[in-house]
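Below is a short briefing on one protein model, written for a reader new to structural terms. Look over the sequence and the structure before reading on.

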Amino acid sequence: MSDFKGKRDRKKGYDKREKSSNDAAFSDNEIAPLTIEGRNAVTEAIRSGRSMDKIFILDGCQDGPVATIRKEAKKAGIMMKFVSRDRLDQISQTGAHQGVIAYAAAYDYSEMDDIFALAEERGESPFVLILDNIEDPHNLGAIIRTANIAGAHGVIIPKNRAVGLTATVAKTSAGALNYTPVVKVTNIGRTIDELKDRGMWFVCADMDGESMYSLDLKGSIGLVIGNEGSGVSKLVREKCDMVASIPMNGQINSLNASVAAGVLAYEIVRQRGGYGK
């Protein structure tokens, strides 16, 4: 069952800035993230506040412009990855990367306070989905779509070892990214501790847990869904208050991560009376 273990501007609802015009460079069938290439372009994108998932930098390059990019990226909390020239050439869309390529998010990330503000605006107890290293962009997009339809107030993802808000995620979410805050955090376990201090409690998905039907999933709650292959990490699982399993009555014992998220999210909806109270 490895898969299962696995700035608000408007008065109503939640909104984000429109996608970049660069999105037009990607066809419906492409899964590549939005890329920004070249030293000046990347530097200005960081300084403008553009949401970035990661920056690839030529390993060993330490000249002035690259040092500036490294400094600005560190200040902005953007993950940097030092790679070979062959790797940069492989992912380059322009062939003129100058030793620097940034993966920009298709949509802006939100802040944690946006989630709580949205719950307060609706008069509901906070309900969030926390994704522990989801790597498939189709799964992430589908989970964000489900979160929106189920009335969740936001989705939380980690900065490292997980997919970000790529063009494919945006497409798969079917527009949900316009309304559902997605927050990127450095450490999932630490974030759970901080949210507990704000009155939330947490349930994670795992086949070895108690049946979801026997658990009390009402109130201010976070649902944790794990990686497609390895499930919820041991450290994150230990931070959770409950472990929930989905009854399996067939010949196989696994569910796709996005399907598991949907099943558990709607058990939470059912227990909350179909609403977010």
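**A pocket and the strand beside it**

The second largest pocket has a volume of about 340 Å³. The model is predicted: local features need pLDDT of at least 70, side-chain atom pairs count only at pLDDT 80 or more, and totals for chains, interfaces and linings use all residues. Residues are numbered from 1 along each chain as its sequence is written, and side-chain values use heavy atoms, with hydrogens and water left out.

**Pocket lining**

- The lining of the second largest pocket (residues with an atom within 4 Å of a grid point) has 19 residues, and Lys54, Phe56, Tyr103, Ala162 and Val163 lie nearest the centre.
- Strand E2 (52–58) and strand E3 (79–83) are the elements that give two or more residues to this lining; strands are DSSP runs of at least two residues, helices (H or I) of at least four.
- By class, eight lining residues are nonpolar, three polar and eight charged.

**Strand E2**

- E2 is largely enclosed by the rest of the structure, because six of its seven residues are buried (under 20% relative accessible area, 1.4 Å probe, protein chains only).
- Strand E4 (residues 100–104) runs antiparallel to E2 and is joined to E2 by five bridges; pairing of two strands requires at least two DSSP bridges.
- In this pairing, Met52 stands opposite Ala104.
- E3 runs parallel to E2, also with five bridges, and Ile55 stands opposite Met80 in E3.

**Asn227**

- Asn227 lies in the loop between strand E9 (221–226) and helix H8 (234–239).
- Asn227 is buried, with a relative accessible area of 9%.
- A polar atom of the Asn227 side chain lies 2.7 Å from the backbone nitrogen of Gly229.

Methods: Buried means under 20% relative accessible area, exposed over 50%, partly exposed in between (1.4 Å probe, protein chains only). A polar contact is a pair of N or O atoms within 3.5 Å; within protein, one must be able to donate a hydrogen and the other to accept it, and residues adjacent in sequence count only if both atoms are side-chain atoms. On a 1 Å grid over the protein atoms alone, a cavity is a set of points where a 1.4 Å probe fits but cannot get out, and a pocket is an open set with protein on both sides within 12 Å along at least five of seven lines; lining residues have an atom within 4 Å of a point. Grid points are joined across faces, edges and corners, and a volume is the space filled by probe spheres set on the points. Ala, Val, Leu, Ile, Met, Phe, Trp, Tyr, Cys and Pro count as nonpolar, Asp, Glu, Lys and Arg as charged, and the others, Gly among them, as polar.
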